[in-house]
Amino acid sequence: MIRAVIAKDVGLLLRDRGALLSLFALPLVFILVFGSIFQEGPDRNEARPVAIWFAAGDARGAAIAGALAAAPGFAARTAGSPEEVRQLVATDAVAAGLVIDPDRDAAIELVIDLAAPLQARGPLEGALTAVVLRALVPAALRIEARSPPGRGPPRAQASAFQIAVPANAVLFGFFLALTVATSLGSERRTGVWRRLLAAPVLRGRVLVASLVPYFLIGIVQLGFLFGTGVLVFGMEVAGSVSALVAVSLALVYCAVSLGLLFASIGGSERQLGAFGSVVLLVMGILGGCMVPRALMPAEMQAIGLAVPHGWALDGYYDVLVRTGTGIAEVVPAVGALVGFGTVFAMFGVAWFRFEE
Amino acid sequence: MIRSSQPGVRLRGLGKDYGARTAVGSIDLDVERGECFALLGPNGAGKTTTISMLAGVVTPTRGWIEICGIELGSDPYAAKVKVGLVPQEIALYEELSALQNLRYFGALYGLRGATLAERIDQSLEVVGLRDRTREQVKTYSGGMKRRLNIAAGLLHRPQVLILDEPTVGVDPQSRNQIFSTVRALRDAGTTIVYSTHYMEEAEALCDRVAIMDAGKVIASGTVPELVAAHTRDEVIIELGGDPAAVAEASRAACAGGATLHGGSLLHIGPSSRGLGSVIGGIEQCGAVVVRIASHQATLENAFLALTGRALRDEP
Ligand SMILES: Nc1ncnc2c1ncn2[C@@H]1O[C@H](COP(=O)(O)OP(=O)(O)OP(=O)(O)O)[C@@H](O)[C@H]1O
Ligand SMILES: [Mg+2]
């Protein structure tokens with residue numbers, strides 16, 4: 001029977017342009033748009049050009065130039081004169097410039113547009129200061145950043161797609177709940193549900209069997225989105241693939257359970273569609289699918305954990321960005337998603353009306 | 001008593017309440033094996049509710065149901081296997097093809113593989129749908145959908161087939177096709193419960209009829225029995241002319257067994273004197289026959305007599 005239900009629901013989904021659009025096409029468009037905007041935005045990953053001038057034979061200048069060349073975020077460009085450095089910055093040919101006075105006691109000149117917004121200038125100024133200090137101060141005065149235990153460091157700075165792919169996978173993955181609820185609603189409307197109840201099958205089995213196909217559809221959806229992320233957008237998976245799969249399975253379980261809960265609340269398909277999309281969008285926003293939770297105020301960050309989306313995104317962030325993330329590291333995320341899902345399912349089953 | 005002689009359907013004290021509203025009061029019915037039985041009643045009479053309880057779709061508030069000797073409440077699966085339901089709505093996935101629909105509904109009854117394919121073929125054959133079975137149902141005509149709706153209830157060869165208003169909104173050709181499907185199934189020994197608010201359908205198809213109204217069975221029996229018990233052939237003559245002559249003529253007619261209604265309408269039933277002599281008597285008195293109408297003994301009129309209302313609002 002399960003196979004027949006799957007064949008039926010997949011057949012229905014393939015003919016439902018709206019559902020295909022919202023499950024597969026729309027998230028892809030969002031990923032492409034958001035990923036590209038931030039990839040090309042102020043904190044893009046490409047090295048930023050920095051001009052440098054120092055007098056021939058100046059040891060201090062050579063040390064700083066070496067440190068600059070070794071720094072990951074910068075591309076050094078040696079200028080022929082201090083004036084050229086200033087001109088390059090003035091014409092925006094480089095982001096900033098360093099002019100190293102041959103006098104060891106004189107200050108080093110950092111050429112930078114002081115009127116630029118602090119958000120753009122600050123990190124650049126700080127990073128260049130650190131590069132200069134690294135070249136000059138003894139080891140005892142240096143500071144090196146390290147991730148705490150259990151929080152693996154990234155291989156490189158997190159890319160925009162490592163944020164955009166999971167954010168949209170979670171947001172649109174949960175829209176599966178709407179597909180589940182409206183499909184149960186339409187079976188009631190058309191009277192097909194009566195046929196199911198008339199069949200010699202346990203009612204509970206009828207219900208579970210109608211949910212199974214959506215579990216598979218959800219897995220295909222997430223597989224498609226993350227697969228496209230890796231293959232097309234070059235998204236890195238720094239942690240283990242099994243952890244990625246674990247979070248995804250838990251997410252789909254949670255979404256399908258939420259769909260059952262929606263269906264048990266009842267109402268027409270139209271009402272369900274309107275009410276469900278609003279609820280899912282709000283959950284998505286709170287959970288950090290639109291603006292990462294890390295950028296929200298502390299209270300909002302805490303509220304984000306009241307919805308499954310927040311936990312799912314935390315799990316995905318660890319898996320995608322942190323090296324060394326395995327199953328053990330995503331237990332909180334998986335546990336929370338399974339917990340939410342089970343609560344949704346319990347209320348869904350309790351409230352579900354087999355007969356009108 | 002051997003099992004096969006058990007009635008196809010037996011209901012005792014069957015009823016359903018929705019909150020404070022009683023949809024079906026308390027019904028007792030026996031439908032014999034191989035019989036075609038009509039549930040006839042106006043909108044809201046409780047036909048669908050009764051049928052849904054029979055098919056195990058709605059849980060009764062009271063009473064019990066036996067299908068071919070098996071009590072539905074105590075052994076629902078054994079009973080449900082024997083029942084085929086054709087819902088009042090087009091209960092199909094319109095986006096899928098006829099074949100996809102039938103494959104799915106067949107699988108619900110545990111059919112698969114070659115058996116399923118064979119049953120699908122046979123069911124489509126019975127309802128006369130052989131073409132376009134791979135096209136989406138939403139491209140079908142109303143009549144084709146209705147026929148497919150019936151086919152979906154036949155796949156597991158039910159001993160009891162329940163059809164809830166199967167001809168609503170179909171063209172005459174499809175209606176005839178559905179009639180011959182029902183007759184063929186009954187001839188093959190299937191017990192049929194057929195709900196409708198069309199008298200003609202009950203008269204044309206069914207051996208016995210239960211007339212339902214407001215959640216109750218108000219009469220049941222064969223069509224001739226119901227007609228004989230609740231209505232009769234009558235000729236109605238409207239008298240005119242000189243009032244004294246009209247009074248005189250009606251007195252004479254009533255003496256011969258006719259009845260007078262509204263001062264000028266004579267109802268002449270089968271027990272009255274012959275029509276010719278009544279008319280002769282009227283003319284002798286100097287009154288005029290303004291109009292003659294015949295009032296036939298039909299199920300429609302039986303319903304009217306029983307409920308004081310017509311079965312449907314539309315003509
Ligand atoms: N799910 C329900 N909840 C509340 N009342 C209901 C429900 N189903 C039916 N009823 C009521 O029960 C009564 C009988 O309805 P039912 O559908 O059985 O009538 P019917 O004879 O099939 O009518 P129709 O010819 O219109 O199909 C109606 O008054 C209806 O409003
Ligand atoms: Mg009905």
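A: A salt bridge here is a side-chain nitrogen of Lys or Arg within 4 Å of a carboxyl oxygen of Asp or Glu. By this rule there are 24 salt bridges over all chains. The model is predicted, so local features need pLDDT of at least 70 and side-chain atom pairs need pLDDT 80 or more, while totals for chains, interfaces and linings use all residues, and side-chain values use heavy atoms, without hydrogens or water. Residues are numbered from 1 along each chain as its sequence is written, with chains lettered from A and ligands numbered from 1 in written order.

Start with chain B. Arg10(B), Arg12(B), Asp30(B) and Glu66(B) are linked in a network of salt bridges. One pair in chain B is Arg10(B) with Asp30(B), whose closest N and O atoms are 3.9 Å apart. This pair links distant parts of the chain, with Arg10(B) in strand β1 (residues 9–18) and Asp30(B) in strand β2 (residues 21–31), 20 residues apart. Helices (H or I, at least four residues) and strands (E, at least two) are DSSP runs, numbered from the N terminus. Arg10(B) has 23% relative accessibility and counts as partly exposed; Asp30(B), at 26%, is partly exposed as well. Buried means under 20% relative accessible area, exposed over 50%, and partly exposed in between (1.4 Å probe, protein chains only).

A further bridge in chain B joins Glu94(B) and Lys145(B), at 3.4 Å from N to O. Glu94(B) is in the loop between β6 and α3 of chain B and Lys145(B) is in helix α5 (residues 142–154) of chain B, so parts 51 residues apart in sequence are tied together. Glu94(B) is partly exposed at 26%, whereas Lys145(B) is buried at 15%.

Arg203(A) forms a salt bridge with Glu355(A), and their closest N and O atoms are 3.1 Å apart. Because Arg203(A) lies in helix α9 (residues 203–231) of chain A and Glu355(A) in the segment after α14 of chain A, the pair ties together parts that are 152 residues apart in sequence. Arg203(A) is partly exposed at 23% relative accessibility, and Glu355(A) is buried at 17%.

The magnesium ion (ligand 2) has Thr48(B) (OG1) and Gln88(B) (OE1) as its protein donors, lying 1.8 to 2.2 Å from it. Thr48(B) is in helix α1 (residues 47–54) of chain B and Gln88(B) is in the loop between β6 (83–86) and α3 (98–108) of chain B, so this pair ties together parts 40 residues apart in sequence. Donors are N, O and S atoms within 2.8 Å of the metal (3.2 Å for Na, K and Ca); water is not among the atoms, so sites may look incomplete. Gln88(B) is partly exposed, at 29% relative accessibility.

Nine of its eleven residues are buried, so α3(B) is largely enclosed by the rest of the structure. Among the buried residues are Leu99(B), Tyr104(B) and Phe105(B). The buried residues of α3(B) pack against α1 (2–14) and α8 of chain A together with α4 (113–127) and α5 of chain B, where contact means heavy atoms within 4.5 Å. Just after α3(B), Gly110(B) takes a positive phi of about 80°.

On a 1 Å grid over the protein atoms alone, a cavity is a set of points where a 1.4 Å probe fits but cannot get out, and lining residues have an atom within 4 Å of a point. Grid points are joined across faces, edges and corners, and a volume is the space filled by probe spheres set on the points. Five cavities of 30 Å³ or more are counted, and the largest cavity holds about 80 Å³ of space. Its lining includes Arg195(A), Ala198(A), Phe105(B), Leu108(B) and Ala152(B). At least two lining residues each come from α8 (192–198) of chain A and from β6, α3 and α5 of chain B.

Notes
On a 1 Å grid over the protein atoms alone, a cavity is a set of points where a 1.4 Å probe fits but cannot get out, and a pocket is an open set with protein on both sides within 12 Å along at least five of seven lines; lining residues have an atom within 4 Å of a point.
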